[in-house]
Number of protein chains: 2
Amino acid sequence: MRTAFYISDGTAITSEVFGHALLSLFPIQFNHKTIPFVETEEHAYKVLEKISESFQDSGERPLVFYTIVNIDVRKIIARSVGINYNFLDQFVAPVEKVLGVPSKPEKHRTHSIHEKTYDIRIDAVNYALANDDGSSVKDYASADIILVGVSRSGKTPTSLYLALQYGIKAANYPFTEEDMGDILKLPPALRRFKDKLFGLTIHPDRLHQIRSERRANSRYASLQQCRMELREVENLYRREKIPFLNSTKFSIEEISAKILAETGLQRKKY
Amino acid sequence: MRTAFYISDGTAITSEVFGHALLSLFPIQFNHKTIPFVETEEHAYKVLEKISESFQDSGERPLVFYTIVNIDVRKIIARSVGINYNFLDQFVAPVEKVLGVPSKPEKHRTHSIHEKTYDIRIDAVNYALANDDGSSVKDYASADIILVGVSRSGKTPTSLYLALQYGIKAANYPFTEEDMGDILKLPPALRRFKDKLFGLTIHPDRLHQIRSERRANSRYASLQQCRMELREVENLYRREKIPFLNSTKFSIEEISAKILAETGLQRKKY
């Protein structure tokens, strides 16, 4: 199998995202190898050896996606036996022309610490944990958004992703059977913050499958129960005009991006 | 201020990461605008209007980073008044030549759902939550890694990031004052899994600052207490040969990437 290397003097997240997006256009499997923090010439020479080994082992020249600020280190990687893509570089000159200023590369700028946004994210993670799963309903005034839905419809991972990636404070509240009498009504704690609510729903078969992995053959996991709960929450969303989306076919990234697009919430961190 | 648009028929994460990395090379502030899920010609025309408005408002042509699979939608965006970068596209032909196969773009491939890896991530998030902050020490056999350190040294956000981004099951255990008698010893629950331990430490001043935001003027937050606890854990790491890193100047992304690089842990999700 051909190897794709993602190399950087920082986290290599940019190389990974770019290279992976490019390679996903091809119906081929790759062996992915990330080598972050290549900051010295000595380390760069070791990387060259790894690329050579991979070539020898597989007989196929590896693809090498890299961004490195230090010119001496960069030059070493550029000499690898792989097919080397210094993919940001070729955009620099045209963008310099557009902006009318020279580029000023600094090491570790993209995914490194920014004092201000760092605290925002940690705060948001702590907020999501303290307000997970309806465990507390007292601090919804601080929420940027409150995700609602039945148990196992994707609220918790989405809350954490919104916190970690965007610095958004997301609480989440599960509608349980206790909330569902004859008809599911909005609990008072939520009604006060109705404009912050965002609903998740999911296909009954998928919910049944997920809950069965947790508690096989329980009433909680039964298809009948899943159908009933989902019918109630979807009726509630429509009746109360709560925006919602069906998470069945979407990744956490997609759910989060759709929530931002639909609510107009702004990310607090780039 | 000039605007940078990140546009896609998917989450637009790839456009954001690429465009942001490129623009971070320039000492200029931008107004960032992400428009995901542009899947129809109608939507694309609305996007064109937004780009035009931004040009009229600022007098500066926006930069537009986009990846769109549907050719009709893509052609519309390519006509925007901005400076348009279909940045993946120019790499496709050379990579086709290298690989000897034509590209086969599919919508939403990069950050969309992959049945197998989806469950791995959700499982990992649930694991991190159930094993956060030493709340349970019974399931360390299932851990891929156990982060240890004093309170507020970055264990929880790092555990969640490892779970969400990489599908890695990370438990975390806080050394508390109860663990520190005359000398901090490794609790038996941890000693059994010593090869899974990874230590975090932090500069005393920074820890003092973080703890003070939580409980101002407490003994817990005092510089003296912070110094004592950090000295104890660092001595323990050295004595027990537990790999560790100082998180003070690193982002969650950097800490996570360094942990992967140092331990050789493999991501379970791309």
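## The A–B interface

In this predicted model, 76 residues of chain A are in contact with 76 residues of chain B, contact meaning heavy atoms within 4.5 Å. Putting the two chains together buries about 7,200 Å², 69% of it on carbon and sulfur atoms. Buried area here is the accessible area (1.4 Å probe) that two parts lose on being put together, summed over both.

The rule also finds eight residue pairs in polar contact across the interface of chain A and chain B, both residues at pLDDT 80 or more. A polar contact is a pair of N or O atoms within 3.5 Å; within protein, one must be able to donate a hydrogen and the other to accept it, and residues adjacent in sequence count only if both atoms are side-chain atoms.

## What chain A brings

Several elements of chain A give two or more residues to the side that touches chain B, among them helix 1 (13-23), strand 2 (31-35) and helix 5 (115-130). Helix 1 gives the most, with nine residues. Helices (H or I, at least four residues) and strands (E, at least two) are DSSP runs, numbered from the N terminus.

Helix 1 of chain A packs on helix 4 (residues 89-99) of chain B at an angle of about 60°, with the axes 10 Å apart. Axes are lines fitted to C-alpha atoms, for helices over the stretch in contact, and angles run from 0 to 180 degrees between N-to-C directions.

Who meets whom? A:Phe18, A:Leu22 and A:Leu23 on one side, and B:Phe91, B:Val92 and B:Val95 on the other.

## Salt bridges

The rule wants a side-chain nitrogen of Lys or Arg within 4 Å of a carboxyl oxygen of Asp or Glu. One such bridge pairs B:Arg267 with A:Glu16 (2.8 Å, N to O). B:Arg267 lies in the segment after helix 10 (252-263) of chain B and A:Glu16 in helix 1 of chain A, so the pair joins two chains.

## Ground rules

Residues are numbered from 1 along each chain as its sequence is written, and chains are lettered from A in the order in which they are written. Local features need pLDDT of at least 70, and side-chain atom pairs count only at pLDDT 80 or more, while totals for chains, interfaces and linings use all residues.

Note on methods:
Heavy atoms only, no water.
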